[in-house]
Amino acid sequence: MADFQYEIVEELGVLSTSAKGWTKELNKVSWNGGAPKYDIRDWAPEHEKMGKGVTLNDEEFAALKEAMNKM
């Protein structure tokens, strides 16, 4: 698997915490030096490991917020 870099640019919120201490978080993350994107995924306590997640650009995140407001 190819190496990649990430930087959590802004921590926006913790959505939940598992019994093992991992947290599902909403953050702005820069992947491989790119522009930061909204990111929802599980993280180990010190952000040293991550689970699978979903990354959204600004337009996708705005559409998600709009869809949630209709609920």
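Buried residues are those under 20% relative accessible area, exposed residues those over 50%, and partly exposed residues those in between, with a 1.4 Å probe and protein chains only. The model is predicted, so local features need pLDDT of at least 70 and side-chain atom pairs count only at pLDDT 80 or more, whereas totals for chains, interfaces and linings use all residues. Residues are numbered from 1 along each chain as its sequence is written, and side-chain values use heavy atoms, with hydrogens and water left out.

**View 1. His-47 lies in the loop between strand E3 (37-43) and strand E4 (50-56).** Strands (E, at least two residues) and helices (H or I, at least four) are DSSP runs, numbered from the N terminus. With a relative accessibility of 18%, His-47 counts as buried. Apart from neighbours within four places in sequence, His-47 is in contact (heavy atoms within 4.5 Å) with Tyr-6, Ile-8, Glu-11 and Glu-25.

**View 2. Ring pairs join Phe-4, Tyr-6, Trp-31 and Trp-43 into a cluster.** Rings of Phe, Tyr and Trp (its six-membered ring) pair if their centres lie within 6.5 Å; planes under 30 degrees apart are stacked, over 60 edge-to-face, and the rest tilted. By this rule there are five aromatic pairs. One of them is the tilted pair of Phe-4 and Trp-31, at 6.0 Å centre to centre and 45° between the planes. Phe-4 belongs to the segment before strand E1 (6-17) and Trp-31 to strand E2 (residues 23-31), so this pair ties together parts that are 27 residues apart in sequence. Phe-4 is partly exposed at 39% relative accessibility, and Trp-31 is partly exposed at 21%.

**View 3. Tyr-6 and Trp-31 form a tilted pair, because their ring centres are 5.9 Å apart and their planes stand at 45°.** Tyr-6 is in strand E1 and Trp-31 in strand E2, so the pair ties together parts that are 25 residues apart in sequence. Tyr-6 is partly exposed, with a relative accessible area of 30%.

**View 4. The charged end of Lys-28 sits over the ring of Tyr-38, 4.3 Å from the ring centre.** For this description, NZ of Lys or CZ of Arg must be within 6 Å of the ring centre and within 35 degrees of the ring normal.
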